[in-house]
Amino acid sequence: MERDRAQPAEPKKSDVENVKVIEWEEFEQEIVRLWSLSSALSEAQEKKQSIQRNLESLIEVEAESLRRSNELEEMQLKLEARKMVMGNMSRHSMLAVEDTKKKEEQLSIELRSLLVAGTALSVARKRLEESNQLPSSDKGYVHLKNLQKMLRRRQQHMISQVSLLYPVKFTMGPAQEQELESFPNTSRSGNSARFKPANQGTLTILGLHLTMLPFKMMSFFTDKKEVQRSATALGYVGHAVLLIASYLKVPLRYPLRLGGSHSYIIDYGPSVEPTSSDVSSHTVVSTDVKHVEFPLFLDGQDTTRAAYALFLLNKDLEQLLNYIGVKSLGPRHVLANLKELVRTIQSVDYIYT
């Protein structure tokens with residue numbers, strides 16, 4: 001058995017075929033060649049390792065450069081954002097500066113206006129103090145009286161133009177007319193006796209009579225021309241009253257809406273109209289706070305409304321008469337009241353009272 005172990009194993013047939021038989025003379029050359037191949041292989045491996053190290057260093061450098069490039073881009077983005085923020089802040093600061101300048105200009109203007117207003121206020125205060133001191137002296141009282149006389153003379157002149165425009169005359173006969181120069185003297189308190197015409201038809205305004213037709217019922221036989229003449233006369237009276245009130249600076253209680261012979265007078269008081277129901281016996285009262293217009297003519301109108309319009313017109317005349325200290329001649333004397341108003345204003349007593 002030991003003998004079997006000591007014997008080498010027999011080579012395989014394939015190994016025998018691949019075995020290269022080298023002669024002894026060539027063995028040295030073969031060793032040299034193998035040595036050169038081994039040294040070349042070792043050099044190639046060293047170059048490979050060197051190239052690998054260089055490649056790894058290049059990869060690291062590239063990665064570092066890429067990282068720094070990304071950081072640089074981020075810094076550029078942040079810089080652009082900062083630039084935008086700075087630009088917005090700059091624009092806002094410019095707008096704030098402009099707004100401040102505008103406010104300073106406005107403030108300077110307001111200060112100047114305040115100074116002017118303060119100066120005007122001080123001047124007005126001095127004038128007020130002087131005016132308060134003037135009436136206490138005789139000179140100031142005389143000055144005020146002179147101003148009042150000048151104002152009343154001016155009113156006399158303007159109202160005289162109204163009397164020339166709408167003259168109120170007293171008819172004595174069919175063809176003869178004369179001016180009613182004056183009624184009997186009337187005091188400002190109204191205690192003295194005065195003339196009241198028994199028939200208002202004796203007075204005319206611009207040649208037209210004002211009859212009592214508004215207080216009568218219209219019928220088929222009523223004279224239409226007489227109705228038209230009365231409406232025209234009422235239009236004249238309304239215009240004269242409106243002019244005199246404006247010259248005297250008196251706001252009429254019942255304003256007029258002029259329309260010639262189709263004028264209206266306005267009542268701003270509430271109108272209460274009772275309405276009864278056919279079914280029930282109790283009455284329902286409706287109140288209208290809006291203004292109501294009443295016609296100063298009869299054509300196509302209710303006689304009651306026309307009569308009330310004439311009553312309101314006479315109330316305006318009574319208001320003007322009371323303003324100058326004279327009492328009315330009565331609710332049915334429109335032309336007489338107008339004549340008395342003009343006569344009193346044109347009298348000498350009106351200036352010196």
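Predicted model: local features only at pLDDT ≥ 70, side-chain atom pairs only at ≥ 80, totals over all residues.
**The chain as a whole**

Eight helices and nine strands make up the secondary structure of the chain. Of its 353 residues, 27% are buried. The accessible surface comes to about 26,000 Å², and carbon and sulfur atoms account for 58% of that area. If we look at contacts between residues at least 6 apart in sequence, 61% of them join residues at least 24 apart.

**A three-stranded sheet**

Let's turn to the open sheet whose strands run in the order E5-E6-E9, with antiparallel pairing. Strands E5 and E9 are its edges, each pairing on one side only. Two bridges link E5 to E6, again in the antiparallel sense. Leu-256 has Ile-265 of E6 as its bridge partner. Helix H6 packs on this sheet and touches E5, E6 and E9; the helix direction makes about 100° with that of E9.

The elements involved are listed here with their residue ranges.

| Element | Residues |
|---|---|
| Strand E5 | 256-257 |
| Strand E6 | 264-267 |
| Strand E9 | 292-295 |
| Helix H6 | 303-323 |

**A look at Thr-232**

Helix H5, which spans residues 224-248, holds Thr-232. Is Thr-232 buried or exposed? Its relative accessible area is 18%, so Thr-232 counts as buried, the cut-off being under 20%. Which residues is Thr-232 in contact with, leaving aside its neighbours within four places in sequence? They are Leu-208 and Ser-261.

Conventions: Residues numbered from 1 in each chain as written. Heavy atoms only, no water. Pairing = 2+ DSSP bridges. Helix = DSSP H or I, 4+ residues; strand = E, 2+ residues; numbered from the N terminus. Contact = heavy atoms within 4.5 Å. Axes fitted to C-alpha atoms, helices over the stretch in contact; angles between N-to-C directions. Buried < 20%, exposed > 50% of the residue type's maximum accessible area, 1.4 Å probe, protein only. Areas by Shrake-Rupley, 256 points an atom, 1.4 Å probe, with all protein chains shown as cover.
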